[in-house]
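Biologist: Before we go through this chain, could you show it to me and settle how its elements are named?

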Amino acid sequence: MPPPQDGVHDSAARVPLLPPPAPRRAAVRLRPLPLLIAAAFAASYRLLFHLAPAPSYYQSLLLSLGSNDTAATHLHALTIRPHLAGTGANALAAAHVASTLSSHSFPTRLTSYSVLLSYPAHRSLSLSTPGRDTVLFALKQETYAGDPYDAVSAEAVPTFLAYAASGSVAAEAVYANYGRAEDYAYLAARGINVTGKVAVARYGKVFRGDIVRNARDAGAAAAVIYTDAKDYAAGKAFPDGPWMPPTGVQVGSTFKGVGDPTTPMWPSAEGCERLSIAEAMSSDDMPGIPALPVSWKDGETILQLIGGDVAPKDWQGGDGAAAYRIGPGPAVLNLTYIGNETMVTIQNVISVIEGREEPERYVILGNHRDAWTFGAVDPNSGTATLLELAQRLSELQKKGWRPRRTIILCNWDAEEYGLTGSTEWVEENREMLTSRTVAYLNVDCAVDGYGFYASATPQLDELLKEASKQVQNPDNGTQSLYDLWMASNSSPLIGRLGGGGSDYSAFVQHIGIPSVDMTIGSDYAVYHSLYDDFIWMSKFGDPLFKRHVAVASIWGLVALRLSDEEILPFNYSNYATELENGALGLSGRVLGMSVSLSPLHKSIKEFRKAVLKVDSELKALQTWKIWAPWRNSPLKVRDINDRLMMTERAFTDREGLSGRPWYKHLIYAPSLHNDYGAQVYPGVDDAIQRAKKINTSESWQSVQHEIYRVSRVINQAALVLSGGLT
């Protein structure tokens, strides 16, 4: 299906696009002194109270250049066929991205890595119950009448869970709700023995790798994960509506690690040290048991034949669904999965717009390209948006723009398997990136529905708010994107980047780079299924492609402010508040134990002092810039920018989290039992969870040790931000 030809071009800024004409010569006219004083006071007021500056010429121009057609055309080209990482189709998608960026005269290259990926070689699943015929599941997602992608759908990978262990299991089924640790704890409390059984769990609350790992830890021999109709089929199914069809299956990875499994903690460079495939597959980050995903139709069939006690109310399905029971049995599942784990080459696309005044400072924009199937939402709505933004940046260059700092556009590969492409690149370039990177701006799924959502490290909160006020709401031309954001009812308003859900992970959690992640829409039912295609997007996700344009606008505007403004637009006040709130959350969890939070409170107090000091310096610099420019030296500006940039690095610790050493950031990392969940003070949280399980004095001493560790990095961050030595 060709892209829509509506010819609409959005403009989010109603300001003149041309520079103001040169003033005419006129006689000098002196203003009365009171007016001069008033003007000076007004200017000082704006500076001192950080009112958002008026958009610059190039920022306004960027906002005016949005093209719905460009975004639609790129999305159509990228999603013409399934393009899983490591396949020829994904190599063609990489070529499309590279050629597009090169066409704008941006120096562009492919950076390749050899990594371990997983594909299905054989799968089967059957259900038997005494007195009934055996049910053989097709494990196939069906196309629909008139599907324009019917023929190429055969190229899609069969439904599977990457890195699941190979093996065959025939055992009674046990229903485990969402497969969380607390769900298995409930089963144990009810006397339900999961050992040797097949755990049946539904998607929706935690990362699928945690679902399988929790089943393994509970003793299950295998796992089946299904999409429950209550969560994924609450309305008309695609193509008549946006919801998951009966045979739709969410596929995905179950790897709990990050990057190439054969090179943990180091880059997958040519000729490097590697684990064997067998060693990598035996890692604790692998699920360790066979597992398969199934549709809501097949899930219902299985649940109808599980007996035993009725499951709790919050374990049940939607209205009209038959009662769910816990088991075990009498239903017996016979599951076979044989995986093909093999070394393949992946390709990142890297494109550079070199800065003029500070070329050695980097503002990095990233999105991944690989998809489990067609990937119209995940991830190629983001890829199309990146390419639409690249066209705008090219137009700015034709008007004379060149960024103050270097902008790097990155299109990652193999994100779906374990953030692989971005992780290997960060690991390979770690020292350069830690010393030079201002910020990383990530967009994965640019559009999947209604509402604006953003997550960030806290020093970028205010910048995001200011930028969103300059971008037009794609669904209401009289409002801003900020208005849409406020109406989205997201709580908290700005999320934190502790989860492992996308390519910001290596930047924030491994090397401590200030980062952002943005999207329009927060969830969609056909996620990681065959139906995430251009038709779904053009009918339900973004029919006019205005939302793509809006994401490109705020992405580009934030990038321009970070790359062009002389003084970095960072504000650490929110960071101090986040640290304080995190400490408050810990206080109730250690109440009555021999644990003191005073080291943490003391370090946060020092950080708050550093924030006040740097805020005072920033106000002085901004004031001098207008009223006494001779007092501003490039060295002063450079010093304060370096401190603003490097403070985030100080929250990292070279030893990393206890038991999870790749995660270096001690403020934000994934939750121990949910890779998608962002955890504040993750090391302390891990230690508290362990202490509450075993409740020994040594375990609570470990909690105290983790509190001291996080206090030390906060003290380091305070020193960096204040710019002084002890």
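Modeller: Helices (H or I, at least four residues) and strands (E, at least two) are DSSP runs, and they are numbered from the N terminus. The model is a predicted one.

Biologist: With that naming in place, in which loop does Tyr 681 lie, and is Tyr 681 buried or exposed?

Modeller: Tyr 681 lies in the loop between strand E17 (674-680) and helix H22 (682-694), and although Tyr 681 is not a glycine, its phi is positive, at about 50°. Buried means under 20% relative accessible area. Because the relative accessible area of Tyr 681 is 1%, Tyr 681 is buried.

Biologist: Which loop holds His 528, and what is the relative accessible area of His 528?

Modeller: His 528, which is not a glycine either, has a positive phi of about 60°. Its place is the loop between strand E15 (515-520) and helix H17 (534-541). His 528 counts as buried, its relative accessible area being 4%.

Biologist: Which residue does a cis peptide bond join to Gly 329, and in which loop is that residue found?

Modeller: The cis peptide bond, with omega about -5°, joins Gly 329 to Pro 330. Pro 330 is found in the loop between helix H9 (296-304) and strand E9 (332-353).

Biologist: And what is omega for the peptide bond from Phe 238 to Pro 239?

Modeller: Pro 239 belongs to the loop between helix H7 (229-232) and strand E7 (252-253). The peptide bond that leads from Phe 238 to Pro 239 is cis, with omega near 15°.

Biologist: Turning to the helices, how do H21 and H23 run relative to each other?

Modeller: Helix H21 (residues 634-650) packs with helix H23 (residues 697-722) at an angle of about 170°, their axes being 8 Å apart. Angles over 145 degrees count as roughly antiparallel. The angle therefore makes the arrangement of H21 and H23 roughly antiparallel.

Biologist: Which residues make that contact, and how many of them are charged?

Modeller: From H21 the contact draws on Arg 643, Leu 644, Met 646, Thr 647 and Ala 650, and from H23 on Val 713, Gln 716, Ala 717, Val 720, Leu 721 and Ser 722. By class, the contact of H21 with H23 has seven nonpolar residues, three polar ones, and, as for charged residues, one.

Biologist: How far apart in sequence are the parts that Asp 653 and Arg 709 tie together?

Modeller: The side chains of Asp 653 and Arg 709 form a salt bridge, N to O at 2.9 Å. Asp 653 is in the loop between H21 and strand E16 (668-671), whereas Arg 709 is in helix H23, so the parts tied together by this pair are apart in sequence by 56 residues.

Biologist: How many salt bridges does a search of the whole structure find?

Modeller: Side chains of opposite charge can pair when their charged atoms come close. Among the salt bridges, those that share partners join Glu 358, Glu 360, Arg 361, Arg 404, Arg 405, Arg 638 and Asp 642 into one network. For the whole structure, the search finds a total of 35.

Biologist: Is Asp 413 buried or exposed, and what is the relative accessibility of Arg 369?

Modeller: Asp 413 and Arg 369 form a salt bridge whose closest N and O atoms are 3.1 Å apart. Asp 413 lies in the loop between strand E11 (405-412) and helix H11 (415-418), and Arg 369 in the loop between strand E10 (358-368) and helix H10 (380-398), so the pair ties together parts 44 residues apart in sequence. With a relative accessible area of 3%, Asp 413 is buried. Arg 369 also counts as buried, its relative accessibility being 0%.

Biologist: How does the salt bridge of Glu 155 and Arg 81 sit in the chain, and what is the relative accessible area of Arg 81?

Modeller: The two side chains meet at 2.8 Å, N to O, and they link distant parts of the chain, 74 residues apart. Glu 155 counts as partly exposed at 42% relative accessibility. Arg 81 is likewise partly exposed, with a relative accessible area of 29%.

Biologist: Which elements are included in what covers the buried residues of H3?

Modeller: Nine of the eleven residues of H3 are buried, so H3 is largely enclosed by the rest of the structure. The buried residues include Asn 68, His 74 and Leu 78. What covers the buried residues includes H4, H10, H17 and helix H18 (546-564).

Definitions and conventions:
Residues numbered from 1 in each chain as written. Predicted model: local features only at pLDDT ≥ 70, side-chain atom pairs only at ≥ 80, totals over all residues. Heavy atoms only, no water. Axes fitted to C-alpha atoms, helices over the stretch in contact; angles between N-to-C directions. Parallel < 35°, antiparallel > 145°, perpendicular 65-115°, else oblique. Contact = heavy atoms within 4.5 Å. Nonpolar A, V, L, I, M, F, W, Y, C, P; charged D, E, K, R; others polar. Salt bridge = Lys/Arg side-chain N within 4 Å of Asp/Glu carboxyl O. Buried < 20%, exposed > 50% of the residue type's maximum accessible area, 1.4 Å probe, protein only.
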